Amino acid sequence: MKLFYNIIFCSFLITFFLYSEVQSQSIQSEIKNLSKGADIILTGKVVKQNSSWNQDGSRIYTAVEIEAEEYLKGDYNQKTIVLTTLGGEVDNIGELYSHMPRFSNDEEVLLFVKNDKKDLSYKLLNGEQGKLTLQVDKNGGEKITGFNMKISELKKEIKGYVETQTQEW
């Protein structure tokens, strides 16, 4: 019986480590693709949000103002940037869209932004995939992402992707 439990335990460990490795590679691939597709990449803090109806009153959009901490890619160098996201709440009427990010005031974020040439607005690349919420690691005191990667390491990785992309042009 002890052998049976040892086999089950070892199987669990192998599965866990394989899953962790695959998940890590998937995250790196996603970050690389987001870095390549984004016009602007930045870290910052949400300072203000304002939701309103579009011109014909058919959809709600939210303007999210981000106070930039650091730009990792792009020509944009203003102190703040305003993103337009689909959904929000106006006069107790709310619209919520799947795969669209939600923001909170004072939230610290890493954003992959696309410049929408049609209306000259800034939008997140790939919806909710273009937003990573940052939090302070209770053990180390450094900012980390939701998948426990240190922001300093992630910034270094992103800058490497951006540099490689620039050299290819």
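Is Lys-159 buried, partly exposed or exposed, and at what relative accessibility? The exercises below take up this residue and others.

The model is predicted: local features need pLDDT of at least 70, side-chain atom pairs count only at pLDDT 80 or more, and totals for chains, interfaces and linings use all residues. Residues are numbered from 1 along each chain as its sequence is written, and side-chain values use heavy atoms, with hydrogens and water left out.

**Exercise 1. Classify Lys-159 and describe its salt bridge with Glu-70.**

Step 1. Buried means under 20% relative accessible area, exposed over 50%, and partly exposed in between (1.4 Å probe, protein chains only). Lys-159 has 38% relative accessibility and counts as partly exposed.

Step 2. A salt bridge needs a side-chain nitrogen of Lys or Arg within 4 Å of a carboxyl oxygen of Asp or Glu. In the salt bridge of Glu-70 with Lys-159, the closest N and O atoms are 3.0 Å apart.

Step 3. Glu-70 sits in strand β2 and Lys-159 in helix α2 (residues 151-168), so the pair links distant parts of the chain, 89 residues apart. Helices (H or I, at least four residues) and strands (E, at least two) are DSSP runs, numbered from the N terminus.

Step 4. Glu-70 is also partly exposed, at 23% relative accessibility.

**Exercise 2. Find where Asp-91 and Leu-120 lie and give their phi values.**

Step 1. Most residues other than glycine have a negative phi.

Step 2. Asp-91 has a positive phi near 50 degrees. Asp-91 lies in the loop between β4 (88-90) and β5 (93-95), and is exposed at 69% relative accessible area.

Step 3. Leu-120 has a positive phi of about 60 degrees. Its place is the loop between β6 (108-116) and β7 (121-124), and at 65% relative accessibility Leu-120 is exposed.

**Exercise 3. Describe the pairing of β2 with β3.**

Step 1. Strands pair if DSSP finds at least two bridges between them. Strands β2 (residues 60-73) and β3 (residues 80-86) run antiparallel and are joined by 7 bridges.

Step 2. Thr-62 stands opposite Thr-85 in β3.

Step 3. The hairpin has 6 residues between the strands, and Gly-74 in it takes a positive phi near 105 degrees.

**Exercise 4. Sort the lining of the largest pocket by residue class.**

Step 1. Nonpolar covers Ala, Val, Leu, Ile, Met, Phe, Trp, Tyr, Cys and Pro; charged covers Asp, Glu, Lys and Arg; the others, Gly among them, are polar.

Step 2. The lining divides into 6 nonpolar, 7 polar and 3 charged residues.
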